[in-house]
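Biologist: I would like to go through this model feature by feature. Please give the general idea each time, then the case at hand.

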Amino acid sequence: MDNSLLAGLFHWYSPYDVAQTARQLEDALKVQGFTIFTHFDHSRAAQEVGYQMLPTEVLVFGNPKGGTPLMLAAPTLAIDLPSKILIRQDKNLTVEVFFNRRISRSGTT
């Protein structure tokens, strides 16, 4: 992948398939007190409209107790909150996970 596309993103590889990686991330986030607001399966949505897409899912998560005060102080943060994690499989069957580095440093969403 083009390194310029990765600027500002945390990126790692998962040894599991996309669905299992998403489940494990959901469980880990819940244990840490985060709320899973929604889970998008982009490949399934693509299939429903006649397209084929390699497995691609996005978890949308946050912690209103931590995020709300931030948005009250700086309302435009709402454009970036809640946080998202992308889990995708590439053409080589490698599963990749991406999220904004800001989240990994602050631990707050």
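Biologist: What pattern does the protein chain follow along the sequence?

Modeller: Helices (H or I, at least four residues) and strands (E, at least two) are DSSP runs, numbered from the N terminus. Read in that direction, the protein chain goes β-α-β-α-β-α-β-β-α, with 4 helices and 5 strands. This is a predicted model, in which local features need pLDDT of at least 70, side-chain atom pairs count only at pLDDT 80 or more, and totals for chains, interfaces and linings use all residues. Residues are numbered from 1 along each chain as its sequence is written, and side-chain values use heavy atoms, with hydrogens and water left out.

Biologist: What is the mean pLDDT of the protein chain?

Modeller: pLDDT is the predictor's confidence in each residue, from 0 to 100. Its mean over the protein chain is 89, and 86% of the residues reach 70 or more. Residues 103–109 have pLDDT below 50, and this stretch has 18 contacts in the model beyond near neighbours in sequence. Contact means heavy atoms within 4.5 Å.

Biologist: In which order do the strands form the sheet?

Modeller: Two strands pair if DSSP finds at least two bridges between them. Here 5 strands form an open sheet, ordered β1-β5-β4-β3-β2, with antiparallel pairing. β1 (9–14) and β2 (35–41) are at the edges with a single partner strand each, so one side of each has no neighbour in the sheet. On average, neighbouring strands of this sheet are turned by 20 degrees against each other, direction ignored. For such angles, axes are lines fitted to C-alpha atoms, for helices over the stretch in contact, and angles run from 0 to 180 degrees between N-to-C directions.

Biologist: How many bridges join β2 to β3, and how many pair β3 with β4?

Modeller: β2 and β3 run antiparallel and are joined by 6 bridges; threonine 38 stands opposite valine 60 in β3. Strand β3 (residues 56–62) also pairs with β4 in the antiparallel sense, over 6 bridges. There, valine 58 stands opposite leucine 86, and glutamate 57 has isoleucine 87 as its bridge partner.

Biologist: Which residues of β3 point one way, and which the other?

Modeller: Buried means under 20% relative accessible area, exposed over 50%, partly exposed in between (1.4 Å probe, protein chains only). In β3, 7 of its 7 residues are buried. Thr56, Val58, Val60 and Gly62 point one way, and Glu57, Leu59 and Phe61 the other. Strand β4 (residues 83–89) has a covered face of Ser83, Ile85, Ile87 and Gln89, while Lys84, Leu86 and Arg88 form the uncovered one. Over the protein chain, 30% of the 109 residues are buried.

Biologist: What does β4 do on the side of β5?

Modeller: β4 and strand β5 (residues 95–100) pair in the antiparallel sense over 4 bridges. Isoleucine 87 stands opposite valine 97, and leucine 86 has phenylalanine 98 as its bridge partner. The hairpin of these strands has 5 residues between them, and leucine 93 there takes a positive phi near 70 degrees.

Biologist: Which residue forms a salt bridge with arginine 88?

Modeller: Side chains of opposite charge can pair when their charged atoms come close. The rule for a salt bridge is a side-chain nitrogen of Lys or Arg within 4 Å of a carboxyl oxygen of Asp or Glu, and the count comes to 2. Arginine 88 pairs with glutamate 96, the closest N and O atoms being 2.5 Å apart. Glutamate 96 is buried, with a relative accessible area of 4%. Arginine 44 and aspartate 41 meet in a salt bridge at 3.7 Å, N to O.
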